[in-house]
Amino acid sequence: MKLWKKLAFTGVSALMVGTLAACGGGSNASSNSEGSDSITLQMYQIGDKPDNYDALMEVANKRIEDKIGAKVNINYIGFGDYEKKMNVIISSGENYDIAYANNYVSNAQKGAFADLTELAPKYAKDAYDALDEAYIKGNLVNDKLYALPVNGNVFAQQVLTFNKPLLDKYNLSIDGIESYADAEKVLQEFHKKEPNTAAFAIGQGFKVQGDFDYPLGNTLPFAIDLNGDKAKIINQYDNKTYVDLLRTMHSWYQQGLIPSDAATSSKDYPLEGNTWLLRGETQGPFDYGDTILSNAANQELVSKSITVPLKSTGQAQMANFVVSNTSKNKEKAVEFLGLLNSDAELLNGLVWGIEGEAWEKVDGTDDKIKLLDGYQPKTHMSAWNTGNNAILYTQESITDEMIATRDKSIEEAETSPILGFSFNTDSVKTEISNISNVMNQYMDGLNTGTVDPDETLPKLLEALDKAGYEKVLTEMQKQYDEFRK
């Protein structure tokens, strides 16, 4: 970590800070420009707005205003709509302050985000210093950092998460499941019992998961096969392992195991309740197995990993927050994000909910809590995309041994070969835009199993060829070869 911090301080790297977000309703412009006595920072956050948002923010803003002389307005855009709406917001040049990063690398290269190389260490020092080296290395864009990532699951595994009450109801076993294909029998048995409940609850934006890492994110067809030649960039949609995963999804779709409108639906399948049997989730060291998911669901969930644990570019960029280049309050925005990621009282009040209603501290401890009846779904914010998980209080069930295992697993996790590789797109911007347009036409249909991959993939590959795929791949491979040296 020290090496990368030195680089950052000498101008080779930069951090972007972000937090929560704004979406519908009200003005999205900052209330006042830099230097004003009263500033309300405007933010965009992905996900669903807590039902008790006003109560949460009343408590939070009192502390924020006391600490940095500003307030925060947080609104939300749903998971299914976030990418499209943020693209419009960014392209229109809208004046906002902070956002959950959308298409982080490409938008950073386009100049949409502020360069925080000097701002982050200055205005968010404690939060910046707490970051694992992989977070900084994985967020370098042309030798600068444009995001302050949430310090949390710096490595992760993709898992299949099952609704335990429904498994128990029908006496279904998930022993031995290590892949999508392994889960098919359980899904089939459940579908026979409850044909009107989503067996595999997915929708628009879902991506099939495998042992791959992505130089430009998993929405574009450039990848490293972690079980193949790690020196070569490939098109995952032309990779046998990945294509087989798509075939599995299509088979499930044909059997009715996937919702029929998955490719176009933004329907919410909340963790709580029994509207689903299986979901795709990401877990890492701060999840303590299924503890955090089960807490969020207010019921027991059980998961099976289907990928290797990995410190990857994608994981380093999992919950990036960026400051808009249009913001008139860049320093104050970074200052707030530094506060959010270093002030335990502020962060825990948002992630766990209102103290005394949702939780209380265990007598004689400073960082152990007991959940109360008021801790319910939609009465707090998510840990993974709000702030520094290392300063979150833990429940009594999280033992010192579990914490020690967490920290050891972080140290020992495998590192992706492309961690820190930042592809400079200057010479191929037009082609990447064309490729992105092509992928938008095909991605949801293929990944949700709605279309037959054996019929659709040849059309996709032909369209990518016309869009300039080979030119981009050649330039990317050239830069990757130089990076590996």
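Trainee: Which residues does Ser294 touch, not counting residues up to four places away in sequence?
Mentor: This is a predicted model. Neighbours up to four places away in sequence are left out here. The residues that Ser294 then touches are Gln299, Glu300 and Leu301.

Trainee: Is Ser294 buried or exposed?
Mentor: Ser294 sits in helix 11, residues 291–297. Its relative accessible area is 17%. Buried means under 20%. Therefore Ser294 counts as buried.

Trainee: Is Gln42 buried or exposed?
Mentor: Look in strand 1, residues 39–46, for Gln42. The relative accessibility of Gln42 is 5%. The cut-off for buried is under 20%, so Gln42 is buried.

Trainee: With which side chain does the side chain of Gln42 make a polar contact?
Mentor: Start from Gln42 in strand 1. Its side chain has a polar contact at 2.8 Å. The partner is the side chain of Asn73.

Trainee: Is Glu396 buried or exposed?
Mentor: Glu396 is in the loop between strand 17 (394–395) and helix 15 (400–412). Its relative accessibility is 52%. Exposed means over 50%. So Glu396 counts as exposed.

Trainee: Which residues is Glu396 in contact with, leaving aside neighbours within four places in sequence?
Mentor: Take the loop residue Glu396 again. Set aside its neighbours within four places in sequence. The contacts of Glu396 are then Val362, Lys368, Ile369 and Lys370.

Trainee: How many Å apart in space are Glu396 and Ser106?
Mentor: In sequence, Glu396 and Ser106 are 290 residues apart. In space, go C-alpha to C-alpha. That distance is 42 Å.

Trainee: Are helix 2 and helix 14 roughly parallel or roughly antiparallel?
Mentor: Helix 2 covers residues 53–68 and helix 14 covers residues 344–351. Their axes come within 10 Å and cross at roughly 170°. Angles over 145 degrees count as roughly antiparallel. So helix 2 is, relative to helix 14, roughly antiparallel.

Trainee: Which residues in helix 14 meet helix 2?
Mentor: From helix 2 come Leu56, Met57, Ala60, Arg63 and Ile64. In helix 14 they meet Glu345, Leu346, Gly349 and Leu350.

Trainee: What percentage of residues 417–485 is helix?
Mentor: UniProt, in an unreviewed entry, lists this span as "domain: DUF3502". Its end C-alpha atoms lie 12 Å apart.

Technical notes:
Residues are numbered from 1 along each chain as its sequence is written. This is a predicted model: local features need pLDDT of at least 70, side-chain atom pairs count only at pLDDT 80 or more; totals for chains, interfaces and linings use all residues. Side-chain values use heavy atoms; hydrogens and water are left out. Helices (H or I, at least four residues) and strands (E, at least two) are DSSP runs, numbered from the N terminus. Buried means under 20% relative accessible area, exposed over 50%, partly exposed in between (1.4 Å probe, protein chains only). A polar contact is a pair of N or O atoms within 3.5 Å; within protein, one must be able to donate a hydrogen and the other to accept it, and residues adjacent in sequence count only if both atoms are side-chain atoms. UniProt positions are given in the numbering used here, feature names are shortened, and annotations may be inferred rather than shown by experiment. Axes are lines fitted to C-alpha atoms, for helices over the stretch in contact, and angles run from 0 to 180 degrees between N-to-C directions. Angles under 35 degrees count as roughly parallel, over 145 as roughly antiparallel, 65 to 115 as roughly perpendicular and the rest as oblique. Contact means heavy atoms within 4.5 Å.
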